[in-house]
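Please read the points below with the sequence and the model in view.

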Amino acid sequence: MQIARRLLVLALAAALPMTALVAAPRAAHAAGEAAVAQDGPLTGEVVSRWLDSWQAFTAWSGALPPDRRAEIGQAIRDHRAATPTQPGRDLAAMTAAIEGMPEWHEASAMMMKRGFADLAAWAATGDRIMQAYLTLDYDSPASVAARAERDALRTRIRDSDQLTDAQKQQLLQSYGPSEEMNRPVMAIPAAELEAVRPHMERLRALQPQG
């Protein structure tokens, strides 16, 4: 299951198309708090802060004009074609696609106000959170049961004597890659898994339906 990847692609491809706004200077971080860096500790408080900032980000980006959406959407596609995304780095790659644009500065200033060093740090934190989410969700009882059901269905299709080889192939393709292919590829530190675990329902609610 590439649920988290679908979330990032759908949300950012639609959300990162942003309006041209005046580049903002560095904003003050939350009083008394150190800014979250790209490789800083991932704690429960950081996860909660990131989730709050994601809501702010999507609300802000969703109000942007169509011409800016189109321009930045093209920038994301061009960047993706020129620079293959590393596994688990979807947010970082998509925000890198708009670096240097006025929108990058606006979004960066917004994230600074929410306690992140800049937009790159916010994106890197989000990637780590979503990778931990994927790992935890993959091993959840509901996901294990769903994978077993899909594997059993694939077996019934392959063993069917009422379907042609072409029909079997078409049906198997409709179910996507094998369940093993969907296993998260990154090793997540135990501390980061525990930081994300209490927020699973909130993260799951972000996933696109269907």
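Predicted model: local features only at pLDDT ≥ 70, side-chain atom pairs only at ≥ 80, totals over all residues.

1. Contacts along the chain. Counting contacts in the protein between residues at least 6 apart in sequence, 81% join residues at least 24 apart.

2. Secondary structure. The protein contains 10 helices and 0 strands. Its pattern along the sequence accordingly reads α-α-α-α-α-α-α-α-α-α.

3. Burial. Of the 210 residues in the protein, 43% are buried. Helix α6 is mostly covered, with 19 of its 20 residues buried.

4. Helix α6. This helix comprises residues 119-138. From its first C-alpha to its last it reaches 28 Å, close to the 28 Å expected at 1.5 Å a residue. The N-terminal end of α6 is capped by Asp118, which places a side-chain oxygen 3.1 Å from the backbone nitrogen of Ala120.

5. Packing of α2 and α5. At what angle do these two helices pack? Helix α2 (residues 44-61) meets helix α5 (residues 102-113) at about 145 degrees, and their axes are 11 Å apart. The crossing of α2 past α5 is right-handed.

6. Residues in that contact. Helix α2 contributes Ser53, Ala56, Phe57 and Trp60, while α5 contributes Glu103, Glu106, Ala107, Met110 and Met111. By class, the contact of α2 with α5 consists of 6 nonpolar, 1 polar and 2 charged residues. As a general point on spacing, an α-helix has 3.6 residues a turn, so residues three or four places apart point the same way.

Key: Residues numbered from 1 in each chain as written. Heavy atoms only, no water. Helix = DSSP H or I, 4+ residues; strand = E, 2+ residues; numbered from the N terminus. Expected span 1.5 Å × (residues − 1). Buried < 20%, exposed > 50% of the residue type's maximum accessible area, 1.4 Å probe, protein only. Polar contact = N/O pair within 3.5 Å; in protein donor to acceptor, adjacent residues only side chain to side chain. Axes fitted to C-alpha atoms, helices over the stretch in contact; angles between N-to-C directions. Left-handed = near helix turned anticlockwise from the far one by under 90°. Contact = heavy atoms within 4.5 Å. Nonpolar A, V, L, I, M, F, W, Y, C, P; charged D, E, K, R; others polar.
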